[in-house]
Amino acid sequence: MMLLKFCPKCGKKTAELYDGLCLDCFLEKMKVDWLPASIVVDKCKHCNYFYVGKKRYRNLTTLLHKKFKNLLKKKNAQLLEIYVKENTVKISFTLSKSGVEKRVTKSLPLKFHYITCPYCTMMRSGYHNAVLQVQLPPSIKDDVIKLIQQKVGEFNRRDPMAFIAEIKD
């Protein structure tokens, strides 16, 4: 014969208690009131990159994944999925406590705070660290300028601080 225990919160008889409560009361106790009411993301209005502090992201989902992964790690939760549709972020994760897992899905409003990022500010203001002076015969001048722009474009993919602010004749 199996001894049944009772839940002190609801009075339900159960075979197993979790932190002194039945499974239903225990799952109810696992609240998710620590999630933000809305998600605010900085977005450059010129280059369309997304920012969290000084970190720059091309992809919004990647930014949200990193942001929530760190937050959920602190709460002993495992991120399952993030889905962005229009101005809403749908996040699914599992909470684990005392050997019990609870799947949670929340929809949070997404708001953009439009900024001009440091890179676009420098580019638009004509900021430069170097001056490259090239004197060439007119017959190859355009080809060399295109080559320089191509190489700087390649550098810019790795380092957004590599750009051509101005070309003068």
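This is a predicted model: local features need pLDDT of at least 70, side-chain atom pairs count only at pLDDT 80 or more; totals for chains, interfaces and linings use all residues.
Local features need pLDDT of at least 70 and side-chain atom pairs count only at pLDDT 80 or more, while totals for chains, interfaces and linings use all residues. Residues are numbered from 1 along each chain as its sequence is written, and side-chain values use heavy atoms, with hydrogens and water left out.

Start with the rings. Rings of Phe, Tyr and Trp (its six-membered ring) pair if their centres lie within 6.5 Å; planes under 30 degrees apart count as stacked, over 60 as edge-to-face and the rest as tilted. The count here is three aromatic pairs. Trp 34 and Phe 93 form a tilted pair, 5.9 Å centre to centre with 50° between the planes. This pair links distant parts of the chain, 59 residues apart. Trp 34 is in the loop between α1 (23-29) and β3 (39-44), and Phe 93 is in strand β7 (residues 88-97). Helices (H or I, at least four residues) and strands (E, at least two) are DSSP runs, numbered from the N terminus. Both Trp 34 and Phe 93 are buried. Buried means under 20% relative accessible area, exposed over 50%, and partly exposed in between (1.4 Å probe, protein chains only).

Now look at Phe 112. The charged end of Lys 43 sits over the ring of Phe 112, 5.2 Å from its centre. For this, NZ of Lys or CZ of Arg must be within 6 Å of the ring centre and within 35 degrees of the ring normal. Arg 58 has its charged end over the ring of Tyr 49, 4.0 Å from the centre.

Return to strand β7, where Ser 92 lies. Why does Ser 92 count as buried? Its relative accessibility is 4%. The side chains of Ser 92 and Thr 105 are joined by a polar contact of 3.2 Å. A polar contact is a pair of N or O atoms within 3.5 Å; within protein, one must be able to donate a hydrogen and the other to accept it, and residues adjacent in sequence count only if both atoms are side-chain atoms. Thr 14 lies in strand β2 (residues 13-14). Thr 14 is buried, because its relative accessible area is 16%. Its side chain reaches the backbone oxygen of Glu 16 at 3.2 Å.

Finish with Leu 132. It is found in the loop between α3 (118-125) and α4 (138-158). Leu 132 counts as exposed because its relative accessibility is 62%.
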